[in-house]
Amino acid sequence: VMNDIITTMFNKKFMEELFKPQELYSKKALRTVYDRLAHASIMRLNQASMDKLYDLMTMAFKYQVLLCPRPKDILLVTFNHLDAIKDFIRDSPGILNQVDETFRQLIETYSCLSAGEFQLIRQTLLIFFQDMHIRVSIFLKDKVQNSNGRFVLPISGPVPWGTEVPGLIRIYNHNGDEVKRTEFKTDGNYVTPQREGSFDLYGDRVLKLGTNMYSVSRPVETHMSGSSKNLASHAKENIVPNPLAKEELNFLARLLGGLEVKKPGGSETGFRLNLFTTDEEEEHAALTRPEELSYKVINIEATQEPARRAELSRILGELEVAEPRPASAGKGEDLLALMDGL
């Protein structure tokens, strides 16, 4: 299942489309693509479990972006995601090659951006998630989320790389010479980071945001302040599509909509993933979910349009869930392929 989903997610055409400069998608567009990716294998989820999975994904990502020590660290969070994905498929060299190629594209595209450009990316992402305050049990248990669904910012721990521990004020004269220093006490227990996380294909990311939240031995990220007492209601879902993203979404629909999942052979009947304790709890969640949080996912059936069948046949050939074999372009690649097979 993991191989099928990861192969579809990191398909070359799909990645090329995502890397094109474009406006951020609407929430409905994101949910549509996410729904197609989640069902790219024999695994099936009903509406309630799919909603819960999507809520967990969005709130976990919001938490990671919000608590980044500096804007550029968003890239380290993404690298932590990809490192974890590579661990899932370490025994499938073909799929691993797809992920590594995306890794290289990320480094090439984003490593040269300025701090200001990363800040713009971070603010754009936070604006997208600002009205989403869904409570997640693991965040509530770790006290990184208040009872109203809002995250708590740290008041202690390492400061961002390249900055100094707060507590010192320098005063300069008109010539730019330092003439006086004043110290002040801070409420937090700040420390200087030992080193910067690696932005290379392989390396120690240092930052733990983006790693497995459910790891028993995960380190405590922050010391938290008191929780807020004011409860806020859920804001309504933004259902207005972004017109500037329409063409890009249409292309993604053509890429994902025609993907036919292989029928399980023999006695294998596939399986259904339930993210609730019991089926009754799942059915109850589906009935009691507020109307404003209903995503009303659009099912894409691009294969029914005769004019696109020829193009879809070509695209589907590249979206096969079987492990791809990269084409050899030289002796070096032949040697690497031989080493992978050993």
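# Helix packing, ring pairs and loops in a predicted model

Leu75, Thr78, Phe79, Leu82, Asp83, Ile85 and Lys86 of helix 5 are in contact with Leu96, Val99, Asp100, Phe103, Leu106, Ile107 and Tyr110 of helix 6, where contact means heavy atoms within 4.5 Å. Helices here are DSSP runs of H or I with at least four residues, strands are runs of E with at least two, and both are numbered from the N terminus. The residues of this contact divide into 10 nonpolar, one polar and three charged. Nonpolar covers Ala, Val, Leu, Ile, Met, Phe, Trp, Tyr, Cys and Pro; charged covers Asp, Glu, Lys and Arg; the others, Gly among them, count as polar.

This is a predicted model, in which local features need pLDDT of at least 70 and side-chain atom pairs count only at pLDDT 80 or more, while totals for chains, interfaces and linings use all residues. Residues are numbered from 1 along each chain as its sequence is written, and side-chain values use heavy atoms, with hydrogens and water left out.

With a relative accessibility of 8%, Ser92 counts as buried; buried means under 20% relative accessible area, exposed over 50%, and partly exposed in between, with a 1.4 Å probe and protein chains only. The C-alpha atom of Ser92 is 8.2 Å from that of Asn3, and the two residues are 89 residues apart along the chain.

For the protein, the count is 12 helices and six strands. Of its 342 residues, 35% are buried. Among contacts with a separation of 6 or more, 74% are between residues 24 or more positions apart.

The aromatic side chains come next. Rings of Phe, Tyr and Trp (its six-membered ring) pair if their centres lie within 6.5 Å; planes under 30 degrees apart count as stacked, over 60 as edge-to-face and the rest as tilted. The count by this rule is seven aromatic pairs. In one of them, the ring centres of Tyr34 and Tyr54 are 5.4 Å apart and the planes stand at 65 degrees, so the pair is edge-to-face. Tyr34 belongs to helix 3 (residues 27-38) and Tyr54 to helix 4 (residues 47-66), so this pair ties together parts that are 20 residues apart in sequence. Both Tyr34 and Tyr54 are buried.

Phe61 and Phe129 also form an edge-to-face pair, with 5.8 Å from centre to centre and 65 degrees between the planes. Because Phe61 lies in helix 4 and Phe129 in helix 7 (residues 115-129), the pair ties together parts 68 residues apart in sequence. Phe61 is partly exposed at a relative accessible area of 22%, whereas Phe129 is buried at 4%. Ring pairs link Phe61, Phe128 and Phe129 into a cluster.

Lys27 lies over the face of Phe128, 4.7 Å from the ring centre, and Arg31 lies over the face of Tyr54, 5.1 Å from the ring centre. The rule requires NZ of Lys or CZ of Arg to be within 6 Å of the ring centre and within 35 degrees of the ring normal.

Leu24 is in the loop between helix 2 (12-18) and helix 3 and is partly exposed, at 34%. Leu24 and Thr124 are 100 residues apart in sequence, with their C-alpha atoms 8.1 Å apart.

Glu183 lies in strand 4 (residues 178-183) and is exposed, with a relative accessible area of 69%. Leaving aside residues up to four places away in sequence, Glu183 touches Gly167 and Leu168. Glu183 and Leu168 are 15 residues apart in sequence and 4.5 Å apart from C-alpha to C-alpha.

The backbone has its own points to inspect. Most residues other than glycine have a negative phi. Lys143, not a glycine, has a positive phi of about 60 degrees. Lys143 is in the loop between helix 8 (137-141) and strand 2 (157-158) and is exposed, at 60%. Val206 has a positive phi near 65 degrees. Val206 is in the loop between strand 5 (190-191) and helix 9 (246-257) and is partly exposed, at 31%.
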